[in-house]
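Here is a friendly walk through one protein model, from its overall make-up to a few of its side chains. Please keep the sequence and the structure open beside the text as you read.

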Amino acid sequence: MAFFQLLEHREEDELHKSRLLNVEEKPFKRVSKRLLAPSSFLTTPSKLPTPPLDILQGDSDHLTLAQEKINEERRQFKEDLLFDFSAFDSSLIRIQFLRNSNERERERYRADKARILETAQHVRENNALLRIQLEEAKQTLEQRKKFDELAEKITGNRLLRPREDQLANLRKLEEECRELERESKNYKITWAERREKFGRIVEEGMQLRRLIRDEKEEVERREGMAEDEDGENIDITSRGGQTPKHPSGNGTPKVRNDLI
């Protein structure tokens with residue numbers, strides 16, 4: 001008894017791809033059987049058939065009938081052979097169509113596989129992003145719960161004023177803030193005006209200072225001119241041979257011995 005081992009999955013798939021189905025194999029068998037059969041006109045018999053005795057005796061009628069029978073068999077053989085080749089041609093066309101269809105299906109499967117893998121990758125990335133957002137939402141929820149607890153403690157205090165009073169105080173504070181803003185704007189305008197006035201005062205002071213300096217220089221210039229005139233008078237008197245007299249009326253000062 002022969003022992004057969006099971007093929008691997010890949011080898012079994014390759015075998016199914018390579019072998020033909022019964023419907024596809026039948027036209028090949030019919031053509032080969034038709035051409036290679038012993039009764040085929042394409043095969044040469046190993047021993048020629050013995051003609052009948054009446055044909056050997058020259059019976060023309062039997063010879064004609066035999067020839068017609070042979071011609072009919074040849075015609076029938078030709079017709080059957082054409083039918084077999086037509087079926088064989090149809091089988092080849094069917095195999096080619098199946099091959100083209102399989103190639104298109106493989107291309108479609110390959111495109112679908114790439115699209116599915118891309119979608120899966122996008123879904124994984126989206127899941128990771130959603131997981132991060134979920135963690136952030138959990139943290140926000142925990143923080144809001146803590147805020148709610150603090151707000152509950154604050155609002156539950158009886159020493160606090162009612163909400164209406166607090167809203168009124170807030171409106172009052174807002175009005176005071178707006179009033180302070182208006183005063184600040186007015187102060188800015190007043191400060192600008194005072195700064196402008198101070199600038200004019202400083203400029204006028206500088207002009208007055210320059211005017212005083214000019215007058216002082218004029219007085220000094222006049223005093224200098226007067227001193228120059230007095231010096232010229234003294235020079236004229238000394239040229240006359242007289243020693244100028246001291247304004248106090250005394251004569252030439254005497255030299256003191258204690259200073260020598």
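Let us begin with a term for accessibility: a residue is buried under 20% relative accessible area, exposed over 50%, and partly exposed in between, using a 1.4 Å probe and protein chains only. The model is a predicted one, in which local features need pLDDT of at least 70 and side-chain atom pairs count only at pLDDT 80 or more, while totals for chains, interfaces and linings use all residues. Residues are numbered from 1 along each chain as its sequence is written, and side-chain values use heavy atoms, with hydrogens and water left out.

**Overall picture**

The protein chain has five helices and zero strands, giving the pattern α-α-α-α-α along the sequence. Both kinds of element are DSSP runs numbered from the N terminus: helices are H or I over at least four residues, strands are E over at least two. Of the chain's 260 residues, 4% count as buried. A contact means heavy atoms within 4.5 Å. Among contacts in the protein chain with a separation of 6 or more, 64% join residues 24 or more positions apart.

**Confidence**

How confident is the predictor? pLDDT expresses its confidence in each residue on a scale from 0 to 100. The average for the protein chain is 77, and 71% of the residues score at least 70. Among the elements, helix α4 has the highest mean pLDDT (87), and helix α3 (residues 53-56) the lowest (48). Over residues 246-260 pLDDT stays under 50, and the model has two contacts beyond four places in sequence for them. Where pLDDT is low, the predicted coordinates should not be read in detail.

**Salt bridges**

Side chains of opposite charge can pair when their charged atoms come close. A salt bridge here is a side-chain nitrogen of Lys or Arg within 4 Å of a carboxyl oxygen of Asp or Glu, and by this rule the count comes to 12. The table gives three of them.

| Salt bridge | N to O distance |
|---|---|
| R115 and D112 | 3.6 Å |
| E179 and R182 | 2.2 Å |
| R200 and E196 | 3.4 Å |

R115 and D112 both lie in helix α4 (residues 60-155), three residues apart, about one turn of the helix. R115 is partly exposed at 48% relative accessible area, and D112 is also partly exposed, at 22%. Which residues does the network of salt bridges around this pair link? The network joins E105, R108, D112 and R115.

Helix α5 (residues 163-239) holds E179 and R182, three residues apart, about one turn of the helix. E179 has a relative accessible area of 34% and is partly exposed; R182, at 38%, is partly exposed too. R200 and E196 are four residues apart in helix α5, so about one helical turn separates them. R200 counts as partly exposed, at 41%.

**A nonpolar patch**

F147, L150 and I154 make a nonpolar surface patch of about 310 Å². Patches are made of residues with over 30% relative accessible area and no salt bridge, joining like charges within 9 Å and nonpolar side chains (Val, Leu, Ile, Met, Phe, Trp, Tyr) within 5 Å.

How values were computed: pLDDT = per-residue confidence, 0-100. Areas by Shrake-Rupley, 256 points an atom, 1.4 Å probe, with all protein chains shown as cover.
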